[in-house]
Number of protein chains: 2
Amino acid sequence: MENSKAIPYKIYLEENEMPKSWYNVRADMKVKPAPLLNPGTLAPMTAEELGGVFCADLVEQELDNDTRFVPIPQEIRDFYKMYRPSPLVRAYCLEKKLNTPAKIYYKFEGNNTSGSHKLNSAIAQAYYAKKQGLKGVTTETGAGQWGTALSMACAYLGLDCKVFMVKVSYEQKPFRREVMRVYGADVTPSPSMTTQVGQKILAEHPGTTGSLGCAISEAVEVAVGNPGYRYVLGSVLNQVLLHQSVIGQETKAALDKYGIVPDIIIGCAGGGSNLGGLIAPFMGEKLRGEKDYRIIAVEPASCPSFTRGVYAYDFCDTGMVCPLAKMYTLGSDFIPAPNHAGGLRYHGMSPILSQLYHDGYMEAVSVPQTSVFEAAEEFARVEGILPAPESSHAIRVAIDEALKCKETGEEKTIVFGLTGTGYFDLVAYQKFHEGQMDDYVPTDEELAQFRARLPKVD
Amino acid sequence: MENSKAIPYKIYLEENEMPKSWYNVRADMKVKPAPLLNPGTLAPMTAEELGGVFCADLVEQELDNDTRFVPIPQEIRDFYKMYRPSPLVRAYCLEKKLNTPAKIYYKFEGNNTSGSHKLNSAIAQAYYAKKQGLKGVTTETGAGQWGTALSMACAYLGLDCKVFMVKVSYEQKPFRREVMRVYGADVTPSPSMTTQVGQKILAEHPGTTGSLGCAISEAVEVAVGNPGYRYVLGSVLNQVLLHQSVIGQETKAALDKYGIVPDIIIGCAGGGSNLGGLIAPFMGEKLRGEKDYRIIAVEPASCPSFTRGVYAYDFCDTGMVCPLAKMYTLGSDFIPAPNHAGGLRYHGMSPILSQLYHDGYMEAVSVPQTSVFEAAEEFARVEGILPAPESSHAIRVAIDEALKCKETGEEKTIVFGLTGTGYFDLVAYQKFHEGQMDDYVPTDEELAQFRARLPKVD
């Protein structure tokens with residue numbers, strides 16, 4: 001009989017301990033995230049206007065700054081049971097390797113075919129589209145995880161799924177398209193000639209490797225132009241952070257079960273869906289003044305929205321067809337160097353996280369690509385899991401913080417989000433192994449150029 | 001509060017419920033598997049002779065037909081905790097899709113970077129090599145799962161790892177090599193010019209796409225020729241089935257927890273490691289006359305060792321450098337058509353399973369490749385997991401049995417082994433989608449040719 005108080009390598013919740021509601025952090029924010037603006041009138045987007053792009057229930061969730069807990073429909077909870085609860089892993093082997101007094105935990109969201117946390121929101125968005133009687137949905141995907149997740153959700157519910165995939169990822173991840181095809185999705189590399197906005201972008205930037213911003217523009221155009229279709233987005237939006245709160249709630253429940261209180265919570269940040277989900281209940285406690293935590297967003301040095309962007313209204317997409325959001329942004333026509341963390345190549349950031357960062361509730365750091373892959377490989381060799389490049393940004397900073405504890409002797413408890421696996425990122429790993437990986441960081445002059453083109457609002 | 005007696009989607013054991021011993025099914029076999037024979041003298045291999053190829057503790061396990069429970073060393077149990085217990089999943093969604101009264105469960109071994117159950121034996125074999133003070137190990141790999149698993153185990157323990165990978169898999173799975181490189185392994189496509197046996201095979205069969213049998217010969221040659229190295233094998237051997245019994249023991253413990261008794265247990269069979277592990281404790285009950293189960297081995301129609309092979313002494317490898325084993329075999333120089341389930345392209349079969357099959361304790365069926373991918377895709381779309389082609393053989397037959405229940409109205413309980421994920425099998429899925437997959441089955445005349453060349457023993 002082992003010590004029942006010992007913390008296991010993996011903490012799994014029981015099925016009946018899984019969250020029954022999503023937590024809406026906006027309910028506890030004193031300063032709410034700024035509303036989306038109509039790109040024509042610059043007035044806040046109404047529910048009716050948003051309803052042309054998003055399905056009705058999701059519009060309601062997008063605009064709801066007050067309801068603290070939103071019940072998760074039973075059908076979605078059933079789908080969650082297919083691949084959730086995800087384990088909260090105690091990184092005993094990594095701690096030993098680093099010889100640190102820090103206690104390291106990671107919430108691992110990669111144990112599903114999409115390879116990431118994206119499925120949490122994909123099934124929710126597909127569910128509400130189905131409920132509304134729609135024929136299908138359109139979307140963009142960067143690394144391909146969101147597209148795969150949406151394909152899986154649509155296959156499960158019998159919805160049509162059209163995916164615009166950032167061209168650089170489409171080319172670097174030839175097998176991602178094939179996975180989406182297993183799930184019956186239609187995948188187009190973006191920018192493409194199949195949309196007006198794609199044609200325009202290609203005319204202005206011939207040979208571009210694309211960006212999430214471009215792909216969003218194309219997907220929105222197709223959704224708005226096809227009756228029975230709506231657009232869905234895998235990150236940035238308030239509704240997505242709401243759905244992703246299931247990550248944080250499971251994490252907190254697992255920690256609470258063993259009486260563990262984290263000191264530092266770390267997540268990678270592209271559009272903010274993983275980070276926003278992971279930190280949600282902890283941020284809630286912090287906002288209500290009940291507890292304090294260090295919360296750290298990690299972004300690639302090649303696309304440093306938080307650390308070198310500005311807090312301003314900007315377009316969510318490169319084609320400027322979407323509403324404007326107030327967020328930390330590099331400018332909607334910023335196209336980052338082709339680094340390999342496709343999921344972090346977004347010029348902007350979740351408006352919720354942007355407001356929280358602006359109000360001092362969280363920190364942000366940016367890290368160069370090579371150091372991220374070094375951390376990824378070190379992690380893989382002791383913890384077994386081959387991490388996605390996106391997730392490895394969080395690993396890098398978790399290791400750095402654990403090494404600081406080694407110097408100071410502090411026994412801090414570090415929790416980070418391991419958002420996914422790197423099985424479709426082997427081209428990037430190969431470049432890393434062969435010394436062909438670059439650590440390009442945009443210059444201040446470059447960033448200033450994009451900043452100068454931000455829309456003039458208030 | 002949900003009904004506490006309801007069977008959850010996934011049954012996880014607690015860490016302290018994980019098996020502390022492996023179960024050795026040979027202890028309960030009235031007719032023991034036939035011993036390995038020295039290829040020169042045709043006398044049973046002694047421990048001393050085996051010690052030149054395998055490390056000492058593994059030789060002991062290989063020869064031990066009597067010890068029922070072998071304690072799992074603490075270090076291995078700790079490694080198991082990194083990725084085990086694996087979930088026993090109730091396939092509620094598949095049942096609903098098939099509209100069958102059958103109850104379907106699968107033991108999912110794919111939630112680790114090797115993508116399969118292979119890690120269970122890899123860590124054991126690497127551990128004993130390390131314990132003996134060796135420098136490194138050599139091995140072969142087909143689909144790449146075993147090679148990845150061994151690389152992971154060696155990286156964890158700091159051992160050198162040399163992998164010979166069947167050429168057809170090496171070419172079809174370009175990223176597998178990269179994963180092994182993350183874990184620091186040295187990977188060579190087989191047959192290669194780096195060994196004498198490889199040179200001989202290439203001279204006799206120029207342009208061959210290789211087979212597990214060829215790769216074994218090369219790995220053994222390198223192990224025997226390099227001081228401080230031993231050879232390790234991912235399947236077939238008694239020791240491997242012993243280690244893999246952890247799958248069956250977890251499965252049985254999970255079923256027992258909910259009072260579930262299976263009627264049918266199904267596993268894919270290449271060399272037999274997964275099937276042998278999955279069925280071990282159930283077969284034990286059957287051998288002791290305590291319970292009865294239908295146990296079904298599923299093999300590809302292109303490589304039908306059980307269903308169209310003969311039970312005879314044969315070489316384990318194409319180069320005929322290894323000991324002879326009594327097993328169901330197609331002949332050691334049989335090289336199957338390049339079907340995509342690399343892990344099932346082996347001419348022989350575990351001696352333990354061969355004896356059990358010969359004695360009527362289990363059944364075997366062979367299935368054509370296209371029908372396997374149809375089952376794989378049907379499964380993926382409702383259960384979420386993208387299965388490996390190998391595992392999908394078991395899915396095919398589980399679905400077939402569930403459909404029979406639909407016709408008869410019987411509420412049978414079916415358990416199958418889902419050995420791994422298909423993230424590195426997308427070339428095969430692509431061929432399936434594009435109608436380029438063939439269902440080649442060897443003719444009786446072809447099989448007779450190989451059979452005629454079997455060694456003459458007893």
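**Two interfaces in one model**

Hi everyone, let's start with the contact between the chains, which takes 47 residues from chain A and 47 residues from chain B. Please keep in mind that this is a predicted model.

How much area do chain A and chain B bury between them? About 4500 Å², with 58% of it on carbon and sulfur atoms. On chain A's side, Phe175(A), Val182(A) and Tyr423(A) supply 15% of the area buried against chain B, more than any other three residues.

Now the polar part. Between chain A and chain B there are two salt bridges; in one salt bridge, the side chains of Arg181(A) and Glu434(B) meet at 2.9 Å, N to O. The count of residue pairs in polar contact between these chains is 21. Helix 8 of chain A gives the most to the side that touches chain B, with six residues. By class, that side of chain A has 24 nonpolar, eight polar and 15 charged residues.

The domains share one salt bridge, and the side chains of Asp28(A) and Arg288(A) meet in a salt bridge at 2.9 Å, N to O. Across this interface there are 11 residue pairs in polar contact.

Conventions
Residues numbered from 1 in each chain as written. Chains lettered and ligands numbered in written order. Predicted model: local features only at pLDDT ≥ 70, side-chain atom pairs only at ≥ 80, totals over all residues. Heavy atoms only, no water. Contact = heavy atoms within 4.5 Å. Buried area = accessible area lost by both parts, 1.4 Å probe. Salt bridge = Lys/Arg side-chain N within 4 Å of Asp/Glu carboxyl O. Polar contact = N/O pair within 3.5 Å; in protein donor to acceptor, adjacent residues only side chain to side chain. Helix = DSSP H or I, 4+ residues; strand = E, 2+ residues; numbered from the N terminus. Nonpolar A, V, L, I, M, F, W, Y, C, P; charged D, E, K, R; others polar.
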